[in-house]
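The exercises below ask you to read a single chain step by step, first as a whole and then residue by residue. Please try each task on the structure before turning to its solution.

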Amino acid sequence: MDERLKILAICGSPHKGNTYELLSMLEKSNPEIDFKILMLAELNLEDCVGCYSCINNGEVSCPLQDDRDLIIEEMKNADGTIFASPTYARTISALMKKFVERTSFMAHRPIYFGKYAMTLATCAGFGADLTCKYMTENFTQYGFNFVSSVELMVARKTENETNHNRTQATKAYQKLIRAIRSKEHVEPCLNQLVYFNIFKSISEWNKLKGWADYEFYQDKKDFYYKVKIPFLKNKIAKWISGRVIKKMMVNR
């Protein structure tokens, strides 16, 4: 890790409003940190066409030529990533959803193990919890260790509300920084184990069409990397994934 920490904030807002302002506040709170905000609205992200090429044949086979790989490299180079989105219709923004779709192959072939992350969601009423949950569940499958999450109401813009939001966002951000600096160990969560078993099984019975996944999982036994997994936790994960796989195989 470089002496100067690198934090990347991916902002799913279509404009520089409440979500962006909170990220800017975090940037200024620790000037010694190399903090970069990526506004998805200012990048070229095309609509996913659902061709499945990135999953079956590898991400390089994607027919779209946009800024997807630029963002992927920025996340690789960062020590920590903040996924931030306003809440629209009780979930993430369309821009953030587009980003998830363009990078969803990494749920099959995760690469961000050892990287730390947090979520930040703003809302005018309710649904910020669902927004954070959506981002956490999806990006955890990319390998990120999520150490904090903050859901903020930005409806009234009173002094009390503004101060509260700044305090809560700063607390979550400081928790992220501490985790990075201490290299906090995070044991694979149950969902990661479940998805590992599901995608590994898929890679076996879809190895001709989906050779990219098949090659990725060939040298992996119980998880994406060598780690001691509690016996009972592993058994539960295999049981859950087995039920999911059974449903998937119906009528095939």
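Predicted model: local features only at pLDDT ≥ 70, side-chain atom pairs only at ≥ 80, totals over all residues.

**Exercise 1. Describe the overall build of the chain, from its secondary structure to its surface.**

Solution. First, the secondary structure amounts to 10 helices and five strands, where helices (H or I, at least four residues) and strands (E, at least two) are DSSP runs numbered from the N terminus. Second, the radius of gyration, taken over C-alpha atoms, is 19 Å, which agrees with the value near 18 Å that a compact globule of 252 residues would have; the rule behind that value is 2.2 Å times the number of residues to the power 0.38. Third, the C-alpha atoms fill a box of roughly 60 × 40 × 35 Å along the principal axes.

Next, consider contacts, meaning heavy atoms within 4.5 Å: among those in the chain with a separation of 6 or more, 80% join residues 24 or more positions apart. Finally, 48% of the 252 residues count as buried (buried is under 20% relative accessible area, exposed over 50%, and partly exposed in between, with a 1.4 Å probe and protein chains only). The accessible surface comes to about 13300 Å², with 52% of it belonging to carbon and sulfur atoms; these areas come from the Shrake-Rupley method with a 1.4 Å probe.

**Exercise 2. How many aromatic pairs does the structure hold, and what is the geometry of the pairs formed by Tyr217?**

Solution. Rings of Phe, Tyr and Trp (its six-membered ring) pair if their centres lie within 6.5 Å, and planes under 30 degrees apart count as stacked, over 60 as edge-to-face and the rest as tilted. By this rule the structure holds 20 aromatic pairs. In one of them, Phe216 and Tyr217 are 5.0 Å apart centre to centre with 80 degrees between their planes, an edge-to-face arrangement. Tyr217 also pairs with Tyr224, and here the centres are 6.0 Å apart and the planes stand at 50 degrees, so this pair is tilted. As for burial, Phe216 and Tyr217 are both buried, and Tyr224 is buried as well. Elsewhere, ring pairs link Phe83, Phe99, Tyr112, Phe139, Tyr142, Phe144 and Phe146 into a cluster.

**Exercise 3. Where do Ile198 and Asn56 lie, and which residues do they touch?**

Solution. Ile198 is in helix H8 (residues 190-205), and its relative accessible area of 7% makes it buried. Leaving aside residues up to four places away in sequence, Ile198 touches Ser241, Val244, Ile245 and Met248. Asn56 belongs to helix H2 (residues 53-56) and is likewise buried, with a relative accessible area of 7%. With the neighbours up to four places away again set aside, the residues touched by Asn56 are Asn206, Lys209, Gly210, Trp211 and Ala212.

**Exercise 4. What is the phi of Arg90 and of Lys183, and are these residues buried or exposed?**

Solution. Start from the background that most residues other than glycine have a negative phi. Arg90, which is not a glycine, has a positive phi of about 65 degrees; Arg90 sits in the loop between strand S3 (80-86) and helix H4 (94-103), and at a relative accessible area of 49% it is partly exposed. Lys183, also not a glycine, has a positive phi of about 50 degrees. The loop that holds Lys183 runs between helix H7 (159-182) and H8, and its 62% relative accessibility places Lys183 among the exposed residues.

**Exercise 5. Which residues does Arg181 touch?**

Solution. Arg181 is located in helix H7. Not counting residues up to four places away in sequence, its contacts are Leu5, Glu32 and Ile33. A further distance can be read from Arg181 to Asp79, which are 102 residues apart along the chain and have their C-alpha atoms separated by 9.3 Å.

Conventions
Residues numbered from 1 in each chain as written. Heavy atoms only, no water.
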